[in-house]
Amino acid sequence: MWLSIIFERIFEPYFTTKETGKGTGLGLSVAHGIVKSHGGAIKVSSVVRKGSIFEIYLPRVKGEEKETDKFDIPLLTGTGRILFVDDEPALTMMGQRILSRLGYQVQTTNSSPEALEIFRSQPQAFDLVITDLTMPELTGINLAKALLEVRPELPIVLCTGFSDQVNEEMLRSIGIRGLLLKPITIHELAHSVRLAIEVKR
């Protein structure tokens with residue numbers, strides 16, 4: 001019974017079976033978020049007093065790797081303040097780390113209504129908003145529409161793992177400048193952010 005309860009909550013942020021001060025409960029949550037963002041999954045099995053096994057499944061890459069190593073390509077850095085919105089804490093944490101490394105100041109939230117409230121309170125404070133499409137309460141598209149009502153020229157980039165639900169032409173008609181399909185690489189993120197901030201309407 002106790003083991004099944006742990007299994008149900010094992011990937012929740014801040015859930016831990018360790019004593020206070022012995023663990024934050026973020027390790028498995030972050031790992032789960034990274035694997036999920038790459039289209040993968042984690043399978044857990046455990047036997048009392050023997051141990052646990054974590055199996056990570058990732059999509060197979062089709063085609064052959066090109067001779068030029070894509071990781072040798074310099075990252076596009078920049079400056080500016082970004083509001084990063086995703087309902088998964090592990091993904092906002094990862095996004096903040098990556099974007100900060102690229103030179104940007106980043107504020108994150110896991111709530112789209114909160115993102116709208118933050119923006120309305122200081123509409124000129126952000127150079128870009130990055131939001132996930134599938135958000136509870138207020139979808140990424142509806143959030144974008146509400147933000148653009150406040151500041152029509154605001155650069156917005158939408159992230160999604162569901163390519164059949166949106167396309168760039170539809171997003172441009174709304175006023176959204178960029179589309180990132182999950183799983184997102186650091187180079188794709190860096191390029192999309194620079195392009196959205198620098199390209200004038």
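The views below are taken from a predicted model.

**View 1. Helix α3 and the glycine that follows it.** Helix α3 spans residues 89-101. Its 13 residues reach 18 Å from the first C-alpha to the last, close to the 18 Å expected at 1.5 Å a residue. Ala90, Leu91, Thr92, Gly95 and Leu99 are the buried residues of α3. After the helix comes Gly103, which has a positive phi, near 110°.

View 2. Asp86 lies in the loop that joins β3 (81-85) to α3. With a relative accessible area of 4%, Asp86 falls under the 20% limit and is therefore buried. Apart from neighbours within four places in sequence, the residues in contact with Asp86 are Leu91, Thr92, Thr109, Asn110, Asp132, Met135 and Lys182. Two of these partners, Leu91 and Thr92, are also listed among the buried residues of α3.

**View 3. The largest nonpolar core.** This core holds 24 residues, and Leu147 and Ile156 have the most contacts inside it. At least two core residues come from each of β3, α4 (112-121), α5 (140-150) and β6 (156-160). The greatest contribution is that of α5, with six residues. When residues up to four places away in sequence are set aside, Leu147 touches Leu116, Phe119, Val129, Leu154 and Ile156.

**View 4. The packing of α4 against α5.** The axes of these two helices come within 10 Å and cross at roughly 10°. This angle is under 35 degrees, so α4 and α5 count as roughly parallel to each other. On the α4 side, the contact is made by Ser112, Ala115, Leu116, Phe119 and Arg120. On the α5 side, Leu143, Ala146, Leu147 and Val150 take part. By type, the residues of this contact are seven nonpolar, one polar and one charged. An α-helix has 3.6 residues a turn, so residues three or four places apart point the same way.

**View 5. The buried residues of α5 and their cover.** Gly140, Ile141, Leu143, Ala144, Ala146, Leu147 and Leu148 are the buried residues of α5. The elements that cover them include the helices α4 and α6 (168-174) and the strands β3, β5 (128-132) and β6.

Key:
Residues numbered from 1 in each chain as written. Predicted model: local features only at pLDDT ≥ 70, side-chain atom pairs only at ≥ 80, totals over all residues. Heavy atoms only, no water. Helix = DSSP H or I, 4+ residues; strand = E, 2+ residues; numbered from the N terminus. Buried < 20%, exposed > 50% of the residue type's maximum accessible area, 1.4 Å probe, protein only. Contact = heavy atoms within 4.5 Å. Core = buried A, V, L, I, M, F, W, Y, C linked by side-chain atoms within 4.5 Å. Axes fitted to C-alpha atoms, helices over the stretch in contact; angles between N-to-C directions. Parallel < 35°, antiparallel > 145°, perpendicular 65-115°, else oblique. Nonpolar A, V, L, I, M, F, W, Y, C, P; charged D, E, K, R; others polar. Expected span 1.5 Å × (residues − 1).
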